[in-house]
Amino acid sequence: MEKVVILGSGPAGLTAALYSARAFLSPVVIEGPQSGGQLTTTTDVDNFPGFPTGVTGPELIEHMKAQVIRFGTRFESRMVEKVEKEEDTVVIHCDDGDPVRTQTLIVASGASAKYLGLPSEKSLMGQGVSACATCDGFFFKDRNIVVIGGGDTAIEEAMFLTRFGKTVTIIHRRDSLRASKIMQERAHANPKIRFVWNKEVVEVLDPSKGHVVGARLKDTKTGEISEIACEGFFLGIGHTPNSSFLKGIVEMDGQGYVKTLGGSKTSVPGIFAAGDVQDPVYRQAITAAGSGCMAAIDAERYLEEMSHK
Ligand code: NDP
């Protein structure tokens with residue numbers, strides 16, 4: 001029986017591991033398919049304290065990992081399918097091998113990129129459709145690229161894609177951006193970035209050709225249909241929490257974000273949550289790390305109480 005199992009190896013999971021390991025709780029981190037979480041697909045991180053000249057997402061994760069390994073954290077690469085509570089034990093069922101049994105579970109499974117849900121988008125995935133500029137931008141050298149969305153993710157993706165693309169067009173469904181002011185300024189100052197306002201995508205063109213050649217757009221004010229030519233079609237429209245394996249176990253909101261009460265406690269004693277899986281508001285690396293610390297402290301106190309039962 002483990003004392004602390006942490007699901008997820010982004011800043012929330014790794015900070016929870018750091019605090020648990022230093023409290024001699026020998027944590028196990030179960031990593032999913034994207035080891036290191038969303039930061040591994042980010043470029044420069046300028047807003048994580050302690051790095052005066054910035055740091056890349058993958059570097060930041062590497063530093064965090066080295067730090068937790070130094071204190072004896074163990075890592076397992078498995079996909080969690082279901083979590084159950086049996087009296088005082090949390091049972092974690094994975095897609096392979098025996099279930100993991102633990103006294104406490106810290107869920108730090110993060111969030112994944114959202115897609116528009118168009119059939120044409122799905123069939124052209126990997127053929128010009130992507131939600132990860134860092135992963136796929138390189139394939140669009142000197143090509144025309146569009147980015148969908150008006151928040152920080154869309155702007156960040158667009159800025160990165162200007163390294164490769166001939167043009168980068170941000171298509172937004174309204175006429176003003178949601179992104180932070182500094183990101184907006186950077187985007188407006190970049191000569192490669194153009195904006196198309198008040199348009200939603202109704203179809204990615206052209207599944208019959210086997211690769212993206214453009215997008216069909218509908219004006220959100222007039223309903224007018226138009227087309228834009230592009231070879232790269234990038235999504236930057238936000239994220240969905242990775243919480244499906246907890247459905248029916250812990251309380252969640254309508255979007256699937258795990259509800260936390262008084263710090264990191266979920267509705268089930270012994271199960272704690274940290275990072276983007278429980279945070280629809282802040283969603284920053286630093287807030288994720290902070291909530292990972294809170295979850296480790298909450299788990300440690302829970303274990304202490306249980307030992308006096
Ligand atoms: P947001 O929810 O902030 O923005 C999503 C954007 O996508 C909005 O502009 C929204 O439009 C648009 N959108 C959503 N659904 C659709 C759809 N179906 N069709 C068309 N457009 C759609 O998500 P982000 O991922 O951009 O940011 C989340 C959080 O992460 C924020 O707090 C942000 O500050 C932070 N972040 C910070 C970064 C940094 O500091 N470097 C980088 C990336 C994210 P509308 O505006 O009309 O709702």
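**Sheet, helix pair and cores**

Mentor: In this predicted model, 5 strands make an open sheet, ordered β10-β17-β11-β12-β13, with parallel pairing. Residues are numbered from 1 along each chain as its sequence is written. Local features need pLDDT of at least 70, side-chain atom pairs count only at pLDDT 80 or more, and totals for chains, interfaces and linings use all residues, while side-chain values use heavy atoms, without hydrogens and water.

Trainee: Why are β10 and β13 said to stand at the edges?

Mentor: β10 (129–130) and β13 (193–196) each have a single partner strand, so one side of each has no neighbour in the sheet. Strands here are DSSP E runs of at least two residues, and helices are H or I runs of at least four, numbered from the N terminus.

Trainee: How do you know that β10 pairs with β17?

Mentor: Pairing takes at least two DSSP bridges. β10 and β17 (residues 232–235) are joined by 2 bridges, so they count as paired. Val 129 sits opposite Phe 233 of β17.

Trainee: What makes Ile 6 stand out in the largest nonpolar core?

Mentor: A nonpolar core is a set of buried (under 20% relative accessible area, 1.4 Å probe, protein chains only) Ala, Val, Leu, Ile, Met, Phe, Trp, Tyr and Cys residues joined through side-chain atoms within 4.5 Å. Of its 30 residues, Ile 6, Phe 48 and Ile 106 touch the most other members. Helix α7 gives the largest share, 9 residues.

Trainee: Which residues does Ile 6 touch?

Mentor: Leaving out residues up to four places away in sequence, its contacts include Ala 16, Val 28 and Ile 106; contact means heavy atoms within 4.5 Å.

Definitions and conventions
Buried < 20%, exposed > 50% of the residue type's maximum accessible area, 1.4 Å probe, protein only.
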